[in-house]
Amino acid sequence: MNRRIYVAALAALTLAACAGAVVTSQPWTPTPEADGWSAVSASTRPVGLGLPGAAVLGEGVRYAGGVTVLAGADSPLHSLSDLKLTGGGGFITVSDVGDLARGSLMLDRRGRLIGLDGLRVRRLTLTDGSLISQKAEGDAEGLAVTSNGDLLVSFERHHRIWNYGPLTALRSPQAVRRPDFPFAENDGMEGLAASGEGWRVAGESGGVWDCVPARCTVVTPPPEAPLREGAYRITGMDRDPAGGWFVVQRSWRAPIDVRARVRRMAQDGTLGPVLIELKLPGTTDNFEGIAAERRGDRTRLYILSDDNFNAVQRTMMLAFDVR
């Protein structure tokens, strides 16, 4: 989403989210079966949580490294809106101008995130196979990988969920069931995650639905009154390997209070205690993506920020281990 209001607040990140040696991503080598993908170059810089006390981690949660993505102004690696893992150390993300991006996570010997490798991108298409060219058609906000491996993408402005088929053989999309709710133009289905044989949807301004091909069922209804300024809004969701879901939430309050939270979501849509809270004067930004996987006796979480093509903001990926 367009969050220009973050400009003043996020200027502090230059000091709070630094520093370390720049790591240049190793290039991706195209393969015959990778039709439509193009290599893209970028570098990363390690990032900490900033000033002591700014980040609040719940019991059993520990920081597991993170990076800021450094890419040119015309790179497609900006305004990334969601994040999912693809197995074998891979990830996929989507931008709110209609690009998919893939890559591999670089971890050190302790399993901490230290970089990204093998980055490549491709343009999403319309149902007729033509490339998306308009922001109104390409404002992608959510990703899910279904139980059978299909990639779902949720869009706002023109609200819909499209199925692009398996990651190994992406195709022209087909529309799938989405909640029967009149989302505001720039305020739609930000949370999207696999849910058994279907998918779970969370609206940015409230409401949770479980969908299968035949119907969507309300889990928690949207609030009757608009959310107040500063309220936490769900901006990303992924399945918890132990059951339920994880969500990332964003809050902004004028003039400079910008925060992010990670919480669990139960089957009935209830949100659990705050596991992670990021706020100034520490490392924070417009976090909109979240992905989860089991690593040993813990769950590894990755969260991703959307920089809105704004030079003051950052594209960051942070890792946390949750007991």
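Modeller: A nonpolar core here is a set of buried Ala, Val, Leu, Ile, Met, Phe, Trp, Tyr and Cys residues joined through side-chain atoms within 4.5 Å. Buried means under 20% relative accessible area, exposed over 50%, and partly exposed in between, with a 1.4 Å probe and protein chains only. The model is predicted: local features need pLDDT of at least 70 and side-chain atom pairs count only at pLDDT 80 or more, while totals for chains, interfaces and linings use all residues. Residues are numbered from 1 along each chain as its sequence is written, and side-chain values use heavy atoms, with hydrogens and water left out.

The largest nonpolar core has 21 residues, and those touching the most other members are Phe91, Leu105, Leu113, Leu116, Tyr302 and Met317. Two or more residues each come from strand S5 (61-70), strand S6 (80-87), strand S8 (99-107), S9, strand S23 (298-305) and S24. S9 gives the largest share of this core, 4 residues. Strands are DSSP runs (E, at least two residues), numbered from the N terminus.

A cavity is a set of points on a 1 Å grid over the protein atoms alone where a 1.4 Å probe fits but cannot get out, and its lining residues have an atom within 4 Å of a point. The whole structure has 1 cavity of 30 Å³ or more. The largest cavity holds about 80 Å³, a volume being the space filled by probe spheres set on the points, which are joined across faces, edges and corners.

Its lining consists of Val69, Leu77, Leu80, Phe91, Thr93, Ala101, Leu116, Leu119, Leu304, Thr315 and Met317. By class, 9 of the lining residues are nonpolar, 2 are polar and none is charged. In this count Ala, Val, Leu, Ile, Met, Phe, Trp, Tyr, Cys and Pro are nonpolar, Asp, Glu, Lys and Arg charged, and the others, Gly among them, polar. Strand S7 (90-95), strand S9 (113-123) and strand S24 (315-322) each contribute at least two residues to the lining. Phe91, Leu116 and Met317 belong to the lining, and these three are also among the core residues that touch the most other members.

Serine 79 is in the loop between S5 and S6. Its phi is near 55°, a positive value in a residue other than glycine, and serine 79 is buried, with a relative accessible area of 2%. Asparagine 308 is placed in the loop between S23 and S24. Asparagine 308 is not a glycine either, yet has a positive phi of about 55°, and this asparagine is buried at a relative accessible area of 5%.

Glycine 236 belongs to strand S18 (residues 233-239) and is buried, with a relative accessible area of 0%. From C-alpha to C-alpha, glycine 236 and serine 81 are 8.3 Å apart in space, while 155 residues separate them in sequence.

Key. On a 1 Å grid over the protein atoms alone, a cavity is a set of points where a 1.4 Å probe fits but cannot get out, and a pocket is an open set with protein on both sides within 12 Å along at least five of seven lines; lining residues have an atom within 4 Å of a point.
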